[in-house]
Amino acid sequence: MKTVILCGGRGTRIRDVDDGIPKPMVPIGDMPILLHLIKYYSHWGHKDFVLCLGYLGNVIRDFFLNYDVHTQDITVALESRKQLHYHSDHSASRWQITMAETGIDTMTGGRVKRIQKYVSGDDHFMLTYGDGLGTIDLDKLVAYHKSHGKILTVSGVRPPSRFGELRINTKGLVTAFNEKPQVSEGRISGGFFVCRKDIFKYLNNRADLVFEQEPIQRMVRDKQVMVYKHDGFWQPMDTYRDYKYLNDLVEKKQAPWVVWK
């Protein structure tokens, strides 16, 4: 099943991070958050990707066109036409990545419509944002999507709280502090969508078409949206605090989404 990743928005500027890179290329550990997503989907057997490019899309193009140069140790033989020798193997050789220009200022709905030709041969495809990580079981997600027959499945997650959670005993002594507790009530869309190809009936090429507004609202009215409930880890990268938190998890080797070898 092909995986479409929205990579074109201008996004939120994150303090102390290079303004010359698009948000999906912001590093988490030693690789861009986009590569974390690709490795996660690939772990579940989904190795065919369509990237919806826009703002600073040339940075993403350069990264994948020169993937080995960016990700491996290299020996350069300068005396023989600069022959290169790469020192490590990786699973990227099994990936197929289509980088589609969808417009600098195009909104999410227009971006998805503009890559229709790259998924038109499939009955279903996956769709997610290029700036959020989670531990969604993609096998169960796809199975659930195919079981109900509706057009769209959205992963419903419990958002992390913006504030630390204090656990206090009866004497006022703090017994635990959780920096990123999950909200126990209510769910939000965490991305990690699965779509039937009929979704394109609800989309058009308008640059201002926001996927999460008119198209999804129309599908909801038509009873064509189902939610896959995910209670595990999910974390967007919207602020510097989010960026620091995700990097800290990787540095401490406690990143739950890092399931690949």
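Reader: Is Lys 197 buried, partly exposed or exposed?

Author: Keep in mind that this is a predicted model, and that the answer is a computed value. Buried means under 20% relative accessible area and exposed means over 50%. Lys 197 has a relative accessible area of 40%, so Lys 197 is partly exposed.

Reader: Which residue does the side chain of Lys 197 meet in a salt bridge, and which parts of the chain does the pair tie together?

Author: The two side chains meet at 3.5 Å, N to O, and the partner of Lys 197 is Asp 123. Asp 123 lies in the loop between helix H5 and strand S8, whereas Lys 197 lies in the loop between strand S14 and helix H7, so the pair ties together parts that are 74 residues apart in sequence.

Reader: Where do Arg 187 and Asp 231 lie, and how many residues apart in sequence are the parts that the pair ties together?

Author: The side chains of Arg 187 and Asp 231 meet in a salt bridge, at 2.8 Å from N to O. Arg 187 is in the loop between strands S12 and S13, and Asp 231 is in the loop between strands S15 and S16, so the parts tied together are separated in sequence by 44 residues.

Reader: How are Phe 125 and Phe 200 arranged, stacked or edge-to-face?

Author: A search of the whole structure finds 12 aromatic pairs. Phe 125 and Phe 200 form one with 5.6 Å centre to centre and 25° between the planes. Planes under 30 degrees apart count as stacked, so the arrangement of Phe 125 and Phe 200 is stacked.

Reader: Which of Tyr 240 and Tyr 243 is buried?

Author: Tyr 240 and Tyr 243 both lie in helix H8, 3 residues apart, about one turn of the helix. Tyr 240 has a relative accessible area of 25% and is therefore partly exposed. The other residue, at 15% relative accessibility, counts as buried, and that residue is Tyr 243.

Notes:
Residues numbered from 1 in each chain as written. Predicted model: local features only at pLDDT ≥ 70, side-chain atom pairs only at ≥ 80, totals over all residues. Heavy atoms only, no water. Salt bridge = Lys/Arg side-chain N within 4 Å of Asp/Glu carboxyl O. Helix = DSSP H or I, 4+ residues; strand = E, 2+ residues; numbered from the N terminus. Buried < 20%, exposed > 50% of the residue type's maximum accessible area, 1.4 Å probe, protein only. Phe/Tyr/Trp six-rings, centres within 6.5 Å; stacked < 30°, edge-to-face > 60°.
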